[in-house]
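My entries follow the order in which I searched.

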Amino acid sequence: MDRNPSPPSSEAEEEEGGGDAVGNTMYSKHWLFSILTRLIEVISPEKTEPSVSPEEIQTELDEEMENDICKVWDMSMDEDVASFLQEFNAPDIFMGVFAKSKCPRLTEICVGILGNMACFQDICMSISKDENLGQVLLQRLCDSDSPTLLETSRLLLTCLSQPEVANVWVERIRENPSVYDCVCFIMSSSTNVELLVKVGEVVDKLFDLDEELMLNWIKNGTCRSVGPSVDDSPEELPDFKIVPCILEAAKQVRSDNPEGLDVYMHILQLLTTVDEGIQAIVQAPDGGKETWSLLYDLVCHELCQPDDPPITVQEQKTVLASILSVLSAMFASQTDQEYTKMRKSNLKCPFSCYILLDMPLIGSLIRILEYMEGCGKRSVDNSKESEQQETGRADLNEEDFHLKILKDICCELLSNMLQELTKVRVNNILRGISAG
């Protein structure tokens, strides 16, 4: 079936009388209004035949209606069409769909149309300020249908990306603890890479916008959240902890979606900007071993490898910066804890400390710095060859900025690891002399 058929035009109607076009488009007001009317009829209880249960009627969408509503979905990317839909209360009609329809495809399409409409500032503000609609949309995060979850996440990300309404959604999410459970459930159990990436982008944006919300979600791992029950939410959700859920999602996207891996590594980096986040990572039951192992494997075996060209570091600079930043925070925290234990027990440096001082990781850090030096020389040579335009210079400066961040983080971690390696060896030598 053609998912995106050509939308109808108002050409014929204009020839007969004119005035039917939506804004400056060729789309027909009459046709759009007829689809909205049919949508109301689809969810209207009057349409239910006595011999057919409501569930049977609403779980499937007939082909003609699906084609037509998909046309509206495509058309809603036009601002004039989106404004027309807003004027004729399409969001209220969609709320009726969410409340009454049991058809996942219809729900997905309606959320998708709202997502397109929200791309326009005035409409986004109207949608965002509707408290009832906002609550209903957040409940869609507990839906069991992956396409609906994807469109809901896309809509939320669109709203969170608009400064005028971002705080409205942050506050709304903060007041709905069930959102935490639903998001964690998706990250920990979904195998849909596209959905995981979009949900990750929502979490990344939330944490970047509001540190208080991030702290609440970190603490939710130990204090079980209690929120309003949602009929279609997953039953008997486990006691989620944010870090394991992030790690599980990162493992799912790492091979198929480099941008998604970048998103989840940045979420981990944001966690390390607060003490509670670092402790959530390193004081896990496994002592942070799972997090360290994943990041270690990425740096030592996947990213910026010996057979990669030096320019690779330019392509991977943001994800590398996030990973190394988390490793650096973990290393500092873990070494403090290990040396505290060592001093109290008067023992040699424990085995876990040797894991932190693994030589392959040190070698990878050195290789990253060597590759950056090669990229730096290349940038200088290119700038000498020709005069760049102002925008070109701005892009170059931005690239150099991100490389500088990566270089600073890499140098700090390498320096700390070498210092600790020296301390460990000297300390053990002195203990050996004393014992002898």
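The entries below begin with the basis of the model and then turn to the searches.

**Basis.** I worked from a predicted model, in which local features need pLDDT of at least 70 and side-chain atom pairs count only at pLDDT 80 or more, while totals for chains, interfaces and linings use all residues. Residues are numbered from 1 along each chain as its sequence is written, and side-chain values use heavy atoms, with hydrogens and water left out.

**Cysteines.** I searched the whole structure for disulfides (a pair of cysteine sulfur atoms within 2.5 Å) and found one. The bond joins Cys142 to Cys182, with 2.0 Å from S to S. I read a torsion of about 70° about the S-S bond of Cys142 and Cys182, so this disulfide is right-handed. I then placed the two ends, taking helices as DSSP runs (H or I, at least four residues) numbered from the N terminus. Cys142 lies in the loop between helix 9 (131–139) and helix 10 (146–160) and Cys182 lies in helix 12 (residues 178–189), so the pair ties together parts that are 40 residues apart in sequence.

For accessibility I took buried as under 20% relative accessible area, exposed as over 50% and partly exposed as in between (1.4 Å probe, protein chains only). Cys142 is buried at 3% relative accessibility, and Cys182 is buried at 3%.

Cys124 is buried at 0% relative accessibility, and Cys159 is buried with a relative accessible area of 0%.

I listed the contacts (heavy atoms within 4.5 Å) of Trp217 beyond four places in sequence; among them are Ile173, Val179, Val183, Leu206 and Ile242.

**Aromatic pairs.** I counted ring pairs of Phe, Tyr and Trp (its six-membered ring) with centres within 6.5 Å, where planes under 30 degrees apart are stacked, over 60 edge-to-face and the rest tilted. The structure holds four such pairs. Phe33 is in helix 2 (residues 29–43) and Phe88 in the loop between helix 5 (79–87) and helix 6 (90–100), so the pair ties together parts that are 55 residues apart in sequence. Phe33 is partly exposed at 41% relative accessibility, and Phe88 is partly exposed at 32%.

Tyr180 and Trp217 form an edge-to-face pair, 5.5 Å centre to centre with 75° between the planes. Their positions, helix 12 for Tyr180 and helix 14 (residues 211–219) for Trp217, are 37 residues apart. Tyr180 and Trp217 are buried. I also recorded one aromatic cluster formed by Phe33, Phe84 and Phe88.

**Gln316.** My last entry concerns Gln316, in the loop between helix 19 (312–315) and helix 20 (317–345). Gln316 is buried at 14% relative accessibility. A polar atom of the Gln316 side chain lies 2.9 Å from the backbone nitrogen of Cys304. Leaving out residues up to four places away in sequence, Gln316 touches Leu303 and Cys304.

Terms used. Polar contact = N/O pair within 3.5 Å; in protein donor to acceptor, adjacent residues only side chain to side chain.
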